[in-house]
Structure formats: C-alpha cells, structure tokens
Amino acid sequence: MDKFRMIFQFFQSNQESFMNGICGIMALASTQMYSAFDFNCPCLPHYNLAYGLGILLVPPFILFLLGFVLNNNISMLAEEWRRPQGQRGKDPAVLRYMFCSMAQRAMIAPAVWVSVTLLDGKCITCAFCTSVPVETLGNASHPRLSQREIQRVLARIPCREIYDGQEIIANEVAVRYLRCISQALGWCFVLLMTMLAFLVRSLRPCFSQAAFLKSRYWSHYIDIERKLFDETCAEHARSFAKVCIQQFFESMSADLVATRCHLPRKAPADAGEAAEKLLGITDWGTMNMALKSWHRCKPPLNLHPAALPTGNGWAGEGQPPTHPSAPRRETAAYYSCV
C-alpha cells in the first residue's frame, strides 16, 4: 500500500509526471480494450480490407485525440496562442515545445495499439487474405473455379468454420503466412518507435540544449502561473462571497432591530481577514476589468528593472555592488492596461 501511495505522490508532484501517468494508464487500457474486443471479420471480398485496416487505424486515431483531450495543457496552449500580445510577448519556441510534448505523450497509446494489433495478426489476416499467393502456397489451377470465385473463397480464410477452399490452399498455411508477415511488421514498428525515441532523447541535448531548457522552463512557468492565478481567483471569490453574505445578514439584523426584534449580535472573527483578501476589488465591474486586463495585458516578466550585470562584469563603476547590512525587501510591480 505504501508503494502505491508513493507512486500516486510521484504522479501528483508536477504536471509532467501526472501526464506521464495518464499516458501509461491509457497504454494499458488500449491493450485491455484490444484483448476484450471481439474481432469478427466479415469474410467478404469487398469488406475485409476496410474492416481490417479500420480496426488497425481508427482506434489509434481516437486514442490520439483522447490523449489530447485528457491533457490539461491543451487549453493552456490554446489560450497562450490566441491571447493578445499585451505587455508580454509570445515565444513560438515555447508553444512548439508544449505542442510537441503533448503530441509525444498522446502517441504512446496509439503506438501500443498498433504494435499489439500487428503482433496479433488478425487485422492483417482479415485485410489481405485475398492477396495470398495461391501460385506459391496452393493450387492455382483449379479447373472449376473462376478468378472471381477464387477471391470469394480466399476471403473466407479468417472464418475457419465456413472456409471451403482446402483444395485451393490450406487454411492453416494461409493464416500462418499472413500472421508471420503481420508479426514481422509489428516488430519492425516497435523497433522503429524505439529508435525514434532513442534518437530524440539522445541527440536533442547535442544540438539545442540551451533552447530546450528555456522552452521547458517557460512552459512550466506558464502552467504554474495559471494554477496560481486560478487559486488566487478562487480565494478572492471565497472572500468576496463571505463578505457579501456577512453584509447581507448584518443588514437583515439591522432591519430586525429596527422592528424592535432585539437579537444578539456578534461580530464575526474573520470579517477583517476576508476584507483584506479582497485587495480593494469589491464590485462586479472592477473584477471583470481585472480579468480582462489579465487576459489582454499580462504583466511583463521583469521583476528586477534595476541595473544588472553585463557580460562578465558589473554595470556601473566596474566594481560589484556592496551588500547592505540590513535585509532589503524587494517588491514586484505589475502594470496592466485595459
């Protein structure tokens, strides 16, 4: 039980770990879905190919979209891409990093589905059963059947209970031939995905490690900033509602006292604390204006507008600044326009 608790704590540590856990769960769910799926090939010449390739490709596309839907960063990416320029510029490298990160995680479950499907071989057997080389594996010179009738017989290869073409080609031979091809494609696909992941992980730090670190840092910053803004808005809404309700009951109490219904009054202990958390925003219009200002003109990311060191030296007289004896309180000012 402690191990599961540690795993859950790791998944909840940050957004990236949480999404890795979600993608792992989706990958396991894809294998369970395929094992529970009842595969029924239609065994008809004009439908086998569509059914087999549909089972091979349509569920991975759905899982890919589902991976984007379950990723919380998709709304953050859309918001960052569509927001006005304001006082803070938009870095295309950060947007590309966020999109590539989501795409890589969303591709895990589809890759697992395709790998399991190819290694199982049922879809390839159903889709390409009419393409079995009868000249090599069977008897192509059957005197009583035309080419169209041979195709109809070969389409029944996945359906062993209704297959009636043993004199043309044995069912076990055709199924084994197609399954071997499918498994070879499956292992090639697994090897290709592994090599691509290896190359991305190993070669990326050799070319653009500094740009990658900057994009990753500001991607995490946008995520943390959004969470803190949501928490601050929720705390402000709670304080606003608390003060509003307290004022309502105080006014009702005053009306009852005016009608000579003497009721005991006790001042709430946290009324002053709730009023302080409002930060001067005490009406509907001001709050809406603050929210519009945050969307249109986010504050610039410059917490220290004073003189900064340039190059390997200090800006100014060439000497490093002396440290003050008393601790100095730093403040960050944010300016926004509507």
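Student: How far is the sulfur of C123 from the closest cysteine sulfur, and in which residue is that sulfur?

Tutor: The closest cysteine sulfur to that of C123 is in C126, at 7.5 Å, which is too far for a bond. A disulfide here is a pair of cysteine sulfur atoms within 2.5 Å. C123 is also buried, with a relative accessible area of 1%. Buried means under 20% relative accessible area, exposed means over 50%, and partly exposed lies in between, with a 1.4 Å probe and protein chains only as cover.

Some notes on the source come next. This is a predicted model, in which local features need pLDDT of at least 70 and side-chain atom pairs count only at pLDDT 80 or more, while totals for chains, interfaces and linings use all residues. Residues are numbered from 1 along each chain as its sequence is written, and side-chain values use heavy atoms, with hydrogens and water left out.

By the distance rule, the count comes to two disulfides. In general, such a link is a covalent bond between the sulfur atoms of two cysteines.

C126, the neighbor named above for C123, has its own partner: it forms a disulfide with C41, and the two sulfur atoms are 2.0 Å apart. This pair links distant parts of the chain, with C41 in the loop between α2 (15-36) and α3 (48-70) and C126 in helix α7 (residues 122-127), 85 residues apart. Helices are DSSP runs of H or I with at least four residues, strands are runs of E with at least two, and both are numbered from the N terminus. The torsion about the S-S bond of C41 and C126 is about 75°, so this disulfide is right-handed. Both cysteines, C41 and C126, are buried.

The other pair is C43 and C159, which form a disulfide with sulfur atoms 1.7 Å apart. C43 lies in the loop between α2 and α3 and C159 in the loop between α9 (147-154) and α10, so the pair ties together parts that are 116 residues apart in sequence. The link of C43 and C159 is right-handed, with 90° about the S-S bond. C43 is buried at a relative accessible area of 5%, and C159 counts as buried at 9%.

Counting bonded cysteines along the chain, the disulfides follow the pattern 1-3, 2-4.
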